[in-house]
Amino acid sequence: MDSHSVSPLLKDIIQVENLTKTIDNGSNRVEILRGLTFAIPRGEFVAIMGASGSGKSTLLGLMAGLDTATSGRIVLDGLDITNLAEDKLARIRGTKIGFVFQAYQLVPTLTAQENVLLPAELTGAAGDIEKRARELLGRVGLGNRGHHYPVQLSGGEQQRVAVARAFITQPPILMADEPTGNLDSINGSHILELLLELNREEKTTLVLVTHDQQIAGQADRIIALRDGAIVSDQHIVRIEA
Ligand SMILES: Nc1ncnc2c1ncn2[C@@H]1O[C@H](COP(=O)(O)OP(=O)(O)OP(=O)(O)O)[C@@H](O)[C@H]1O
Ligand SMILES: [Mg+2]
């Protein structure tokens, strides 16, 4: 069996064990994450909260394989990514994870459609990816804007392109770092609705960093950080009407 194919029955899609991140700037040692342990079951929507500087983005970057830990372990879909070489990490990122950033981060010289296609081209995804990109742009309400460049789109529209881009490879995990942080409340709600739809309808695991209590309130679970440690980890109980 290929080491990348793991039983989809594995309950926890993300496992984090005793994770630490320390930055050494010569004389100065900063402990950014101090031994975090938790697991995220497949399909869960987890909000990560905490004050500015508490380590939220650092944690998300480590879980996405964008950064390397000082110690501890991260297992994604059964695969230990903690000490993987960059080429292997890039492949995992390309197949397992879609990422949405606060500042959209579209490539300015590519059209909306080309931006959406990019991850699929980088990972050599199979099938008619152009058709899929058009469908995804339609799904985020930009069916007629595929040929526009980022500068021709509003912030909310650019973030919708970023959501379509994150989902082009149909990753089992979506990570979003304050995806509504730069948007007004109407555009922010639209982005959150899109992410929630991908979580509910496609069973995509959603890990979302937010400062917004109202957004976090829609998650299944809230993990709160303070000074690089978990101070609470609570499931949200909803009574269905
Ligand atoms: N490369 C680095 N070198 C030194 N310190 C760093 C580095 N990266 C992060 N930090 C520090 O680690 C702490 C956590 O940063 P991080 O970006 O994870 O916080 P955050 O919770 O995402 O904050 P915000 O809500 O402001 O985005 C901060 O104090 C930050 O200054
Ligand atoms: Mg941050």
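Let's start with an open sheet of four strands, ordered β2-β1-β4-β5 and paired antiparallel. Strands count as paired when DSSP finds at least two bridges between them, and both helices (H or I, at least four residues) and strands (E, at least two) are DSSP runs, numbered from the N terminus. The edges belong to β2 and β5 (79-80), each with a single partner strand, so one side of each has no neighbour in the sheet. Two bridges link β4 (residues 71-76) to β5 in the antiparallel sense, and Val75 sits opposite Asp80 of β5.

A word on what you're looking at: this is a predicted model, where local features need pLDDT of at least 70 and side-chain atom pairs count only at pLDDT 80 or more, while totals for chains, interfaces and linings use all residues. Residues are numbered from 1 along each chain as its sequence is written, chains are lettered from A and ligands numbered from 1 in the order in which they are written, and side-chain values use heavy atoms, with hydrogens and water left out.

Helix α1 lies across β1 (12-25), β2 and β4, and runs at about 60 degrees to β2. Axes here are lines fitted to C-alpha atoms, for helices over the stretch in contact, with angles from 0 to 180 degrees between N-to-C directions. Six of the eight residues of α1 (residues 56-63) are buried, so the helix is largely enclosed by the rest of the structure. Buried means under 20% relative accessible area, with a 1.4 Å probe and protein chains only. The buried ones are Lys56, Leu59, Leu60, Gly61, Leu62 and Met63. Just past the helix, Gly65 has a positive phi of about 70 degrees.

## Helix α3 and its partners

Now for α3 (residues 112-123), where Ala112, Gln113, Asn115, Val116, Leu117 and Ala120 are buried. An α-helix has 3.6 residues a turn, so residues three or four places apart point the same way. The buried residues of α3 pack against α4 (129-139) and α5 (155-167). After α3 comes Gly124, with a positive phi near 65 degrees.

The axes of α3 and α4 come within 9 Å and cross at roughly 130 degrees. On the α3 side, the contact (heavy atoms within 4.5 Å) uses Ala112, Gln113, Val116, Leu117, Ala120 and Glu121; α4 brings Ile129, Glu130, Ala133, Arg134 and Leu137. By class, that's seven nonpolar, one polar and three charged residues. Nonpolar covers Ala, Val, Leu, Ile, Met, Phe, Trp, Tyr, Cys and Pro; charged covers Asp, Glu, Lys and Arg; the others, Gly among them, are polar.

## Helices α5 and α6

Helix α5 packs on α6 (residues 185-201) at an angle of about 15 degrees, with the axes 9 Å apart. That makes α5 roughly parallel to α6. Gly156, Gln159, Arg160, Val163 and Phe167 of α5 meet Asn187, His190, Ile191, Leu194, Leu195 and Leu198 of α6. This contact has six nonpolar, four polar and one charged residues.

β6 pairs with β7 (residues 173-177) in the parallel sense over four bridges, with Ile173 of β7 as the bridge partner of Ile97.

Further along, five of the six residues of β9 (residues 221-226) are buried, so this strand is largely enclosed by the rest of the structure. Five bridges join β9 to β3, and the two run parallel; Gly50 stands opposite Leu225 in β9. Six bridges join β9 to β10 (residues 229-235), running antiparallel, and here Leu225 faces Ile230 of β10. β9 and β10 form a hairpin with two residues between them, and Asp227 in the turn has a positive phi of about 50 degrees.

## A buried glutamate

Glu44 sits in the loop between β2 (28-41) and β3 (45-50). Its relative accessibility is 8%, so Glu44 counts as buried. Setting aside neighbours within four places in sequence, Glu44 is in contact with Asn199, Thr204, Thr205, Leu206, Asp220, Arg221 and His235. Glu44 and Leu117 are 73 residues apart along the chain, and their C-alpha atoms are separated by 26 Å.

Definitions and conventions: Buried means under 20% relative accessible area, exposed over 50%, partly exposed in between (1.4 Å probe, protein chains only). Angles under 35 degrees count as roughly parallel, over 145 as roughly antiparallel, 65 to 115 as roughly perpendicular and the rest as oblique.
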